[in-house]
Amino acid sequence: MFWRIVASISCLFMVQQAAFAEEDLWSTMQKTASAARELNYQGLFVYHNGSMIRSVQITHIYEGGREFTRNVVLDGRPREVFSEGDDIVIFNAKNDKVVIEKRRGQNLFPAMLPTQLYPLKQNYKLKFVGQERIAGRLAQVIDMVPNDNLRYQYRIWSDTEYGLLLKMSMMDMQGHTLEQIGFNQVSMLHTKDLDWFQPKIDATKPYVMDDTTELTHVEDNLVVPNLPTGYKKVDQISLKVPGRAAPVQQWIFSDGLASVSLFVEPMVKGMQPRVGKKNMGSTNVYAHVLNGYQLVVVGEVPAQTVEQIAQQVTFKK
């Protein structure tokens, strides 16, 4: 009897210790989410996805409650990405001109984690892995393990001193790395000078606005009644796509970290329907035709997630 009581007390202590440990890890994640937005830093990070590798130079300043970020893509075609808060402007060198594109609301590295962690707590468990050095800095390594098979697993390397996200990997159910992004060099900035916040991409070419893409909020004209557990609709926009007679609607769903897009466009005469599934590394695609509309669901999520969303689409009568 005595040993059973001792064993029970020990189990209770271990459960409480585990609970506290996970809460501590969530505190680290909260610090990591804030650090990427509130610190001033510059560095060089590398993105790996399959055979694609991109090196990017980043400068980030937080001044007066506003964020300013400049990303310069160092590989392939010249490209610079500027963000001020949620507004993103891309300068893209194309042939004899530099095309200016506008975007919004994308989580750019190292600001990958949302500042509101509640949705993540509903869908992931945290596990402490250990400590490693990344880009010359000591990092705490934490796994985000999903509660189901509707999202991938993530590994986070968080700077032990500042909390800045130094590296992040996306892994499949078997623990194989699908996608990875991380700093090779990083340092804190002690200036709030914003002279660098201007494009330097090929000043010899004319800068023109991209008139083929128009971003506007649109009214709902379809319904996705039963989304996969933990996902919710976060945005809906209308895209004017070159070669398309009608705008393409894009619905965006997220669980707070994983993201899925649903593209909807009316089938017109001569348009070849696309039907089927496709996997491209971490990205899965599911396409089919419904009520005269082409539906394409794309996301860096498992195949069953995009298929489940596609099969839930219905149109209002």
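**Exercise 1.** In this predicted model, find which residue of β8 stands opposite G130, and describe how strands β7 and β8 pair.

*Solution.* Begin at G130, and look across to β8, where V141 stands opposite. Next, widen the view to the two strands: β7 covers residues 124–134 and β8 covers residues 137–146, and they pair in the antiparallel sense over 10 bridges. Finally, turn to the hairpin that β7 and β8 form, which has 2 residues between the strands, and note that A135 takes a positive phi near 55° there.

**Exercise 2.** Determine which members of the largest nonpolar core touch the most other members, and which helix gives the largest share of this core.

*Solution.* The largest nonpolar core holds 60 residues, and those that touch the most other members are M29, M144, L164, F183 and L262. The largest share of this core, 6 residues, comes from helix α1, which spans residues 2–38.

**Exercise 3.** Describe the protein chain as a whole, starting with how many helices and strands it has.

*Solution.* Count the elements, which come to 3 helices and 21 strands. Then consider burial: of the 317 residues, 44% count as buried. Lastly, consider the surface, where the chain exposes about 17,100 Å², with carbon and sulfur atoms supplying 52% of it.

Conventions:
Residues are numbered from 1 along each chain as its sequence is written. This is a predicted model: local features need pLDDT of at least 70, side-chain atom pairs count only at pLDDT 80 or more; totals for chains, interfaces and linings use all residues. Side-chain values use heavy atoms; hydrogens and water are left out. Two strands pair if DSSP finds at least two bridges between them. Helices (H or I, at least four residues) and strands (E, at least two) are DSSP runs, numbered from the N terminus. A nonpolar core is a set of buried Ala, Val, Leu, Ile, Met, Phe, Trp, Tyr and Cys residues joined through side-chain atoms within 4.5 Å. Buried means under 20% relative accessible area, exposed over 50%, partly exposed in between (1.4 Å probe, protein chains only). Accessible areas come from the Shrake-Rupley method with a 1.4 Å probe; for residues, only the protein chains shown count as cover.
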